[in-house]
Amino acid sequence: MRYIKILACIVIPALVIYFLDTGIGSLPPLGKLMDPVNGFMANAETKTAFESNTVDITDPSVKGTIVMDDRLVPHVFADDERSLYYLQGYITAKYRLWQMDIQTRAAAGRLSELFGPKFIEYDIEQRRKGMIFGAENALATIKNNPKLEACIQAYTDGVNAFMQINETDGKSGLKYAAYPIEFKLLNYQPEAWTPLKTALLLKYMASTLTGFDDDAEMTNLKKLLDEADFNALYPDYTTGIDPIIPTEKIYDFDAATTDTLASTTSDVYYKKVLDIFEQQNQKNQVGSNNWAVGGSKTKNGYPILCNDPHLQLNLPSLWFEIQLQLGEMNCYGASLPGAPAIVIGFNDDIAWGVTNAQVDVRDWYTITYQDETKSAYKYGNGWRKTNKRIETVNVRGAAAVIDTVIYTHYGPVVYENVKMVDGVKAKDKAAREGMAMRWLALEKSEEVNTFYLLNRAKNYDDYRHAISYFSCPAQNFIFASHSGDIAITQQGKFPLKQKGQGKFILDGANPADDYQGYIPFEHNPTIKNPSRGFCASANQHPTDSTYPYYYTSFDFEFYRNRVINTTLNKITGATVTDMQNLQQNNFNLAASEALPILLAKLADPCRTDENACKILTELKEWNYENNAVDLAPTYYQIWWDTLYNLMWDEMQSETIAYVKPNTYFTVEAMRNFHDNHPLFDFKLTANKKETFADLVQQSFSSMISICDSLVKADKNVLQWYQHKHTNIMHISQIPAFSKLMVKNGGYRNIVNATSETHGPSWRMIVELSSPVNAFGIYPGGQSGNPGSKYYDNFVDDWAAGKYYPLYLFKDLDAAGKKALFTLTFN
Amino acid sequence: MKTAIIIIAGIIICYLLQTLLPIWWIFVLLTLLIGYVSKLASGWKTFFVCWLIVFTTWIVLYILKDIANDSVMSSKMANLFSMKSNYWLFGIVSAVMGILGGLTGVAGYYLSKKS
């Protein structure tokens, strides 16, 4: 009996300890995680983390000082260029190591090796999109620029110095206790940083901003709709828009032309209905605002530049504030953890910011292979050879997956064996077809150089030179200088296209459908010091119809830009406070144009339904402001969403990819389509013909019912911020590390573009006075550690519309007065 | 008196082992040995002493670090593990680890009896 007891008392704890030390399934090793010394409590930041010290690094050539201010913003003062970017890499890794690691693994399609087979599909998709291929291309270009290569290498070395990477085996010398908590929870180890990872991060951003298109959807829609409806609902251009480049601009250059006529607008486009693409009914929510007001319209006579990029809101935040000072270069702004230099910011002389161009830079080509070996594909009257790239996806707990990706001169064949639902289904033919992607992000480029040079820019000419290196993702670069210039340029590498080319699937065998060249940099839309006294962009059309080049978009914006331009046209004596108010403007222009149409069609419910009457009255009295605690925005949004889905039920399909018309053209259809237009008829009710008025009535009734049921659960749930439900999720979607239901207003199509998941990820306002008067905030915190009070300490202030002063210290002494602590490298 | 000394010495050694070695050494080097050499009156008493050593070390370490951190980390971890509060998390984890210590202590106790 005693032996049994001994055995039990040893075997049971041994088994438990084994599992606690190694983890079970997806569970982390709980023993190590819960260890109060080295486990999660080692990430519980205490005041010892904020003590000044001299940092021990192996590279004696690195010299400089980092002053951490009271918001944990590093102010880097370096003795030379290598030290500057080394210290940027070091300090970024110190606070954002896991974020840097996971974002670049996600970019490269390497999540399966951490999380197992459920990520294989995602990883394969990333590989097939050519993310690593594109990053390698970018790196090859950077290698031709020794200064830039040295900058990225210094940043890499700084990151690795923080991780104490052993140069022999590439393993991190960080002890388990020093790992960011996510490594402990997800049970894996940091790995060495490389320049390729920086390139991958930038490709990840390119994918976020340009990695989508409507080509397949448009191809399918062209088949679904008659020509008049298609042109009304999905036009490239429409009257009444307010483009980025004001109409005063005269395009007096000789536009480059192509000799061949692409086959896109005639019958030759790829006609077969495709079901290979994911549904894109959930529209991309990426967007941004930027504007620069000239000194003639500001109170102090200095230009004011503002920027708020609307990206997915996450913790840790996408951005990391930093000041970089080296000799005459003194720059402050938002950097991307994983890349050197500052992306959006200012120095003593200039300020700059970006919004997404939204111009389509991704096209699809059908590929017909010569035979099953897929070694050649048809092009014109002959055959072109393919390249094959073997992608190995390592999988945790399972065998690696090998994928052979075929590369054509267009780019990678993302989809093989295209399935056709109404075309020829012969098996051998299907096996010989593929869909190749031509995406500007995969071509050679050196975007980092733009930021490297902008950080040092002193005037308009420097700005123009810096942005000339920027290819993809195309951006609207706004600019203002202390000397009084303001400007905006839509910068990117844009293919020269025939009208309609790239809106639909293209024929890869037809050389006429191929790119015929690129728009020269000088011809990209740009304007300096316009007569209206300001430059602005909000993802709308870049130009009016006099611009001589064809472009199309996956999603131009139609509302924020008009609110911004209307406000700035009227404004005089503008102050920083005025700019803050404009960035947080909650006016719902879309609702102000749509709701009167709906109200005019609605039968008065007041005789029969008291509750409906009350809601209707509230809507009629609504000032169209989407403020956080108001109810009317919720009523309107539920009504609109219901009506929108009823209206475009024809484009709702489980098997065929369509995209519904955007809000602007939906409102246009409400205005201009006849009440009995066939598209208003609800296709499920075969025996009944619905009119637009019927849809309005039905959607209103649905809205009343939805609101009734919601209120029964919680009487406050109809407040706009509760209905909108903005969550700032941890990158790995751990709710405990997230900020849920942030209390603020705004929405899509509103200047304050805070939606469920996206919003102003960095608000910056810079008055180009001397010294520069700058303010900014982002919804997060400087530390990526959930155990730090600096993890999410900006979120509540951001939601409340507050800003922090941004300190561009002249020197170390000035910085020292605001220092929380100092790190010295010598 | 002897028991109190064992507990205090055990806590100190547990703390040192905790900071220097992976956690399973606590059970191999400490509780097993305590059970083996302490010659406490019974298996139950050995279990309780060893449980108390591990439980006390862990919960004190948790609480000291937590106070210095204003519960920023622990409140999130408690939420992650669906615990009512961070102190529930500390208590449950420390108690479970204490049980492991107790069991290995009892193993040591019976091993000493055998010898």
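Two residues are in contact here if their C-beta atoms, placed from the backbone, lie within 7 Å. Keep that cut-off in mind for the tour, and remember that you are looking at a predicted model.

**Stop 1: where the chains meet.** Show chains A and B together and pick out the residues that touch across the boundary. Chain A puts 28 residues into the contact, and chain B puts in 30. Now colour the chain A side by element: helix H1 (2–22) and helix H2 (30–34) of chain A are the elements that give two or more residues to it. H1(A) gives the most, with 10 residues. Switch to colouring by residue class, and the side of chain A that touches chain B shows 17 nonpolar, five polar and six charged residues.

**Stop 2: chain B by itself.** What is chain B built from? It has five helices and zero strands, so to speak an α-α-α-α-α run from the N terminus on. Its C-alpha trace spans about 50 × 25 × 25 Å along the principal axes. Of the 115 residues in chain B, 47% count as buried.

Stop 3

**Stop 4: the largest core.** Next, select Trp291(A), Ala292(A), Phe479(A) and Val766(A). Within the largest nonpolar core, of 210 residues, these four touch the most other members. Helix H3 (residues 81–108) of chain A gives the most to this core, with 15 residues. In soluble globular proteins, nonpolar side chains tend to be buried together. Zoom in on Trp291(A): leaving aside residues up to four places away in sequence, Trp291(A) touches Cys306(A), Ile478(A), Phe534(A), Cys535(A), Ala536(A), Ile564(A) and Leu568(A).

**Stop 5: a sheet in chain A.** Finally, select S6, S23 and S24 of chain A, three strands that form an open sheet in the order S6-S23-S24 with mixed pairing. Which strands stand at the edges? Strand S6 (314–315) and strand S24 (739–742) of chain A do; each has a single partner strand, so one side of each has no neighbour in the sheet. Strand S23 (residues 726–730) of chain A and S24(A) run antiparallel and are joined by two bridges. To see a bridge pair, click Ile728(A), whose partner in S24(A) is Lys739(A).

Terms used
Residues are numbered from 1 along each chain as its sequence is written. Chains are lettered from A and ligands numbered from 1 in the order in which they are written. This is a predicted model: local features need pLDDT of at least 70, side-chain atom pairs count only at pLDDT 80 or more; totals for chains, interfaces and linings use all residues. Helices (H or I, at least four residues) and strands (E, at least two) are DSSP runs, numbered from the N terminus. A residue is buried if 20 or more other C-beta atoms lie within 10 Å of its own, exposed if 12 or fewer, and partly exposed in between; C-beta atoms are placed from the backbone. Ala, Val, Leu, Ile, Met, Phe, Trp, Tyr, Cys and Pro count as nonpolar, Asp, Glu, Lys and Arg as charged, and the others, Gly among them, as polar. Two strands pair if DSSP finds at least two bridges between them. A nonpolar core is a set of buried Ala, Val, Leu, Ile, Met, Phe, Trp, Tyr and Cys residues joined through C-beta atoms within 7 Å.
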